[in-house]
Amino acid sequence: MEKPFRKILVIKMRFHGDMLLTTPVISTLKRHYPEAQVDVLLYQDTIPILSENPEINALYGIKNKKAKTAEKITNFISTIRALRRNKYDLVINMADQWMAAVLVRLLNAPMSISQDYGHRQSAFWRNSFTHLAPLSGDNVVESNLSVLAPLGLESRVAETTMSYNPACWQRVRGELDKAGVGERYVVIQPTARQIFKCWENEKFSRVIDALHQRGIEVVLTSGPGADDLACVNAIAQGCQQPPVTALAGKVSFPELGALIDHAALFIGVDSAPGHIAAAVKTPLIALFGATDHIFWRPWSDNMIQFWAGDYRPMPPREQRNRNEMYLAVIPAEDVIAAIDKILPVPEADSATGEEL
């Protein structure tokens, strides 16, 4: 019989895409302990991607390493105080930062489970948790779910979740209307945090031209940073007919989820929006370079994935050059052919010439 936990804390401190990939763990916990309050401790700046998830009771933000030391200390102390007041009876740790062990010790929960990281084998770390769960699984979703092994649960929810409220879609749809975008459109997010995950602007422009030639509108999105916006503008300027760029850098993560959810197709590189597309079950084309394209692939059954390693040898992780654009070997023609597989051109009636 499953123990009826009342208050559960899930700890994960990584980037936006990583946070979305923890949602199967949260959903599994809610399935087996429906009355429990599930809280999440994460980096402050990644809160928006989980902010609308109805299965989460509360989100607690830790300042990341870029913050000033005094700010981090103040934030850490105030967060610990808030978490201690909650009196958790189960803590699930999926963070490999050393502070996770300190934090869990301070919470003193009756049961605490951590993934068993190879680089965290000190007595202090191992004794900070009541249970350690060996990492297993060929994909990050499966790996995340492996942390639940000590609970002996009979089933797991192997689906990622991206939530947004109706107001998010209403605002996005309003912006699309202003830009003259109809019901059928494709979202392309060409940007990523590192150059080794990016593709050439010129190839994105050719893909956009091919979509326009097929009568499909294109919406380009990106983060709000100057480099991201410069990339989007360069791609748009390289197109015969410019795509819609009005939303680039101007939507929240829930709004981006709504935009992608209503799209006919998403095209992107190895970054969080690809995982959003998988979560909302929008067909997607994903381009991967020197990252592990099997472990980190979007969790989707409706995807065509391109891996640069199919075109040239990829270096092992420890030899990866973060300033090399590994995706450059992927031809634009191959991506355009994939579009035609996912979005076939409607057949025309030979007698009337009208689309069937």
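Guide: Thr22 has 1% relative accessibility and therefore counts as buried; buried means under 20% relative accessible area, exposed over 50%, and partly exposed in between, with a 1.4 Å probe and protein chains only. This is a predicted model, in which local features need pLDDT of at least 70 and side-chain atom pairs count only at pLDDT 80 or more, while totals for chains, interfaces and linings use all residues. Residues are numbered from 1 along each chain as its sequence is written, and side-chain values use heavy atoms, with hydrogens and water left out.

Thr22 sits in the loop between α1 (16-20) and α2 (23-32); helices (H or I, at least four residues) are DSSP runs, numbered from the N terminus. Residues up to four places away in sequence aside, Thr22 touches Lys12, Leu50, Met94 and Asn144, where contact means heavy atoms within 4.5 Å.

The largest nonpolar core has 80 residues, and Leu29, Ile92 and Leu151 have the most contacts inside it. Such a core is a set of buried Ala, Val, Leu, Ile, Met, Phe, Trp, Tyr and Cys residues joined through side-chain atoms within 4.5 Å. Beyond its neighbours within four places in sequence, Leu29 is in contact with Ile8, Val10, Val38, Leu90, Ile92, Leu148 and Leu151. Another core, of 33 residues, lies apart from this one, and includes Ala192, Leu220, Cys231 and Ile330.

Ala167 belongs to helix α7 (residues 166-178), and at 47% relative accessibility Ala167 counts as partly exposed.

Finally, consider a pair of helices. The axes of α10 (residues 253-261) and α11 (residues 272-279) come within 9 Å and cross at roughly 55 degrees. These axes are lines fitted to C-alpha atoms over the stretch in contact, and angles run from 0 to 180 degrees between N-to-C directions. The two helices, α10 and α11, are therefore oblique to each other; angles under 35 degrees count as roughly parallel, over 145 as roughly antiparallel, 65 to 115 as roughly perpendicular and the rest as oblique. Their contact is made by Phe253, Leu256, Gly257 and Ile260 of α10 and by Ala272, Pro273, Ile276 and Ala277 of α11.
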